There are 2 protein chains.
Amino acid sequence: MNRSIALAVEPLTRDAFAPFGDVIEAASAARTYAINAGTTTRFHDLATVDTDREGGRPIVSLFRAQPRELPFTVTMLERHPLGSQAFVPVSKKPYLVVVAETPDAVPRLFLARNGQGVNYRAGTWHHPLLALGEVSDFLVIDRGGPGNNCDEATLAATYQIPGNLE
Amino acid sequence: MNRSIALAVEPLTRDAFAPFGDVIEAASAARTYAINAGTTTRFHDLATVDTDREGGRPIVSLFRAQPRELPFTVTMLERHPLGSQAFVPVSKKPYLVVVAETPDAVPRLFLARNGQGVNYRAGTWHHPLLALGEVSDFLVIDRGGPGNNCDEATLAATYQIPGNLE
């Protein structure tokens, strides 16, 4: 069971990420329109915020993530069964997103660039933040409230993120 | 009635902004703790998201704001009676925040720096986005749903934002 499998990096696009949640970026907006007397463009409603289950509420936080060293070995994933969780980088630094349909499936590895954010649907298995290069801040919109909202799974195989993402 | 009053710029701090809403920044967190096996610091629960009134829900959007030319004359304010509205710059560019207790009161002028975000409480009178220097993107968390959620007021006096913010 101690297999180690190399992951291939994919660009982060709305369609590729759809099984796991939303990509938060201007290009993914279903509606775009001018506001504020034409001085501002609104890229509208980019993420489904799902935080009300079992007495929950949406909360806004900042996460300050230490950069990870590559190559990196993925050995665990987590999920939040009671709510969505959105991450938007407040720098333009790239970061990595690892998600899986189940802990037994081979994960997908996405490279988020140019300020792209992600919103994990409730229950989506994902790796904790994988910042690259330098300490990186993310605005996070997730659920506060009662109940157990974090499951962790140790994976049966291990997965290698390569040292060269190109 | 055609008075014009110069506004003095104030630094944006949690205490100074408290009558109008929240400042979204690490330094304003009431709780800060380590997560993700110590690789991430969580600055927890920085804004009160109030979007459920009258069938509303929280939505996440991007606003792309054209920069304003200074000096700038404030002639109007708006408010969203049914929900809070948070703005977090996804660049570190400074921007201006103009708020007032009522349309008849002299507004307060705050300079937001170093990635500071603001969350206007429902009903807070504020000026539309005042980006500076270059086109600036903001992540916005506000209310979607039925009902009239925008009031505008033309001010009895006009207010001057100076050309030099120092």
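Is B:Phe20 buried or exposed? In this predicted model, B:Phe20 has a relative accessible area of 2% and is therefore buried.

**Figure 1. Aromatic pair of B:Phe20 and B:Phe110 in the predicted model.** A search over all chains of the whole structure returns 16 aromatic pairs. B:Phe110 is buried, because its relative accessible area is 0% and the cut-off for burial is under 20%.

**Figure 2. Aromatic pair of B:Tyr95 and B:Phe138.** These two rings are also arranged edge-to-face, at 4.9 Å centre to centre and with 80° between the planes. B:Tyr95 is located in strand 10 (residues 95-100) and B:Phe138 in strand 15 (residues 136-144), both of chain B, so the pair ties together parts that are 43 residues apart in sequence. B:Tyr95 is buried, with a relative accessible area of 2%. B:Phe138 likewise counts as buried, at 1% relative accessibility.

**Figure 3. Cluster of aromatic rings in chain A.** Ring pairs join A:Phe17, A:Phe20, A:Phe63, A:Phe87, A:Tyr95, A:Phe110, A:Tyr120 and A:Phe138 into a cluster. The mean pLDDT of chain A is 96, and 99% of its residues reach 70 or more.

Figure 4. B:Glu78 is placed in strand 8 (residues 72-79) of chain B. The side chain of B:Glu78 does make a polar contact of 3.5 Å with the side chain of B:His80. When neighbours within four places in sequence are left aside, the residues in contact with B:Glu78 are A:Asn36 from chain A and, from chain B, B:Thr124, B:Trp125, B:His126, B:Pro128, B:Cys150, B:Asp151 and B:Glu152. For the complex, the predictor reports an ipTM of 0.96 and a pTM of 0.96.

Definitions and conventions. Residues are numbered from 1 along each chain as its sequence is written. Chains are lettered from A and ligands numbered from 1 in the order in which they are written. Side-chain values use heavy atoms; hydrogens and water are left out. Rings of Phe, Tyr and Trp (its six-membered ring) pair if their centres lie within 6.5 Å; planes under 30 degrees apart count as stacked, over 60 as edge-to-face and the rest as tilted. Buried means under 20% relative accessible area, exposed over 50%, partly exposed in between (1.4 Å probe, protein chains only). Helices (H or I, at least four residues) and strands (E, at least two) are DSSP runs, numbered from the N terminus. A polar contact is a pair of N or O atoms within 3.5 Å; within protein, one must be able to donate a hydrogen and the other to accept it, and residues adjacent in sequence count only if both atoms are side-chain atoms. Contact means heavy atoms within 4.5 Å. pLDDT is the predictor's confidence in each residue, from 0 to 100.
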